[in-house]
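Dear colleague,

I am passing on the structure below, together with an account of what was found in it. Please read the notes alongside the model.

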Amino acid sequence: MVLGSAIGGWADIIDGDALVAALCRDLDSADHALPPAVVRSVLAATRAFVVADGRSDDAARQVSPVLMRLGRRAAVRGHSAVRLSQDLRRVVEDRSRLADPVIARIDLPEQRDLVRCRLRQFLHQVHHATLTGHRQARAMMALGPVARRDMVARALFASGSVPEELLVIAGIDTTSSYVPVVWITGLGAPHAVAAIDDALVEGTGRSALVPERRIDELALAPGDRVVTGPARPPYDIGDALQLARQAAAGLRAGLIGSDAPITSCVDVAAELLITGRPALTEVLVEKYLAGLRDLRPTRRVEVGEVLLTWLESREPLSVIATRHHVARQTAHDRLRAGKQLVGTAIEDPAAHAAIVVALHASLPRWREEVAARAARS
């Protein structure tokens, strides 16, 4: 803890914020006239260096995404690599100059030398990360429009994450939301999105990203079955795309039941959670539904179905009774039994989602048990 021990020994500089203030003193004054974005980014980098206790590699990992973004934006705005490098060099020189009197106050010479060395190394990494972002953007800008778009599409489907600046360079509207569409069966995306010129298609043809405003133009062929994920901006599409892929895999394997041509992840959210984390689901079943185990199988299904309907819809008992083709009093009795057997958790709104997931996981098995007993009778 080189910086930590050094800071602790100073009477007037007792924490990281104070050291940052000392290192950054007068950096953004008028006589320097440094670009504000460069100044802000390197100030953040200095803070990271202090917080990381002078470990240059740890600090660089913290700020590299920000600095690469700075480099990409500089490229988009037409700043040359030479100009950006000059701006950065000025900031680095200021960093080193302002840091030296502070570092000189460290008592032990070997600690002073180590901190100076680490600071130089870190500032070099700051410079390198920013120029890397600049080169990344310039390389894409050198491509033709179609090649840019294809490159970004491949990156989106591979990682689900592409910096916003690169999306802009590729001509993709970052202000729009996109819907992930994943094919379960059928011809695939190229045919279905042929008329949607701003859709992005995965190389395999089994997935597409379609602007939300144009999702109704999706032209599914006979036999096509797809899953749609939640709409997200293209720079934040990763989780939504992954959800759609998981749902499609569950439908192909028969773990999620739906024969609709278009299945939304929203409509099978509980099943998706169950198939994705079976061990966690069993924990919820054990925690919330243990009281239903002693019921005879048919009664357990009857009570579980009414309880699930009530938790998901909160409809009046008369409507719930109609949905289950029973008398209102019968629905009332089953709901009351379910509430009693689940216990006090039923009164906790935060537990409702967990109980719904547990019921979705349990009811298919309970129904199978009833069917198996009926077949043996």
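**The sheet and its hairpin**

In the hairpin of β2 and β3, five residues lie between the strands, and Gly205 there takes a positive phi near 80 degrees. Before going further, please keep in mind that this is a predicted model, in which local features need pLDDT of at least 70 and side-chain atom pairs count only at pLDDT 80 or more, while totals for chains, interfaces and linings use all residues. Residues are numbered from 1 along each chain as its sequence is written, and side-chain values use heavy atoms, with hydrogens and water left out.

The protein has 16 helices and five strands; these are DSSP runs numbered from the N terminus, helices being H or I with at least four residues and strands being E with at least two. Buried residues make up 44% of the 377 residues, where buried means under 20% relative accessible area, exposed means over 50% and partly exposed lies in between, with a 1.4 Å probe and protein chains only. Of the contacts between residues at least 6 apart in sequence, 68% join residues at least 24 apart, a contact being heavy atoms within 4.5 Å.

The five strands form an open sheet with mixed pairing, in the order β2-β3-β1-β4-β5, and two strands are taken to pair if DSSP finds at least two bridges between them. The edge strands are β2 and β5 (262-264), each of which pairs on one side only.

Strand β3 (residues 207-211) has five of its five residues buried, so it is largely enclosed by the rest of the structure. In a regular strand the side chains alternate between the two faces of the sheet. In β3, Ser207, Leu209 and Pro211 point one way, while Ala208 and Val210 point the other way. Strand β2 (residues 200-201) pairs with β3 in the antiparallel sense over two bridges, and Val201 has Ala208 as its bridge partner there. Strand β1 (residues 178-185) also pairs with β3 in the antiparallel sense, over five bridges; Val182 stands opposite Ser207, and Val179 stands opposite Val210.

Further along the sheet, four bridges join β1 to β4, and these two strands run antiparallel, with Arg225 in β4 as the bridge partner of Thr185. Arg225 and Val227 point one way from β4 and Val226 and Thr228 the other way, and all are buried. The pairing of β4 with β5 is in the parallel sense over three bridges, and Val226 stands opposite Ile262 in β5. Helix α10 (residues 238-252) lies across β1, β3, β4 (225-228) and β5, and runs at about 20 degrees to β1; axes here are lines fitted to C-alpha atoms, for helices over the stretch in contact, and angles run from 0 to 180 degrees between N-to-C directions.

**Helix packing and the cores**

Helix α12 (residues 278-288) packs against helix α16 (residues 349-376) at an angle of about 100 degrees, with the axes 9 Å apart. That makes α12 roughly perpendicular to α16, since 65 to 115 degrees counts as roughly perpendicular, under 35 as roughly parallel, over 145 as roughly antiparallel and the rest as oblique. From α12, Thr281, Glu282, Leu284, Val285 and Tyr288 meet residues of α16 that include Ala351, Ile355, Ala358 and Arg365.

The largest nonpolar core has 32 residues, and those with the most contacts inside it include Tyr288, Ile355 and Leu359. A nonpolar core is a set of buried Ala, Val, Leu, Ile, Met, Phe, Trp, Tyr and Cys residues joined through side-chain atoms within 4.5 Å. Its largest share, 10 residues, comes from α16. Leaving aside neighbours within four places in sequence, Leu359 is in contact with Leu289, Gly304, Leu307, Leu308, Leu311, Pro364 and Trp366. A second, separate core of 29 residues includes Val152, Ala153, Ile172 and Leu200.

**A buried glutamate**

Glu165 is found in helix α8 (residues 164-169) and is buried, with a relative accessible area of 8%. Again leaving aside neighbours within four places in sequence, Glu165 is in contact with Arg69, Arg72, Arg73 and Val76.

With best wishes
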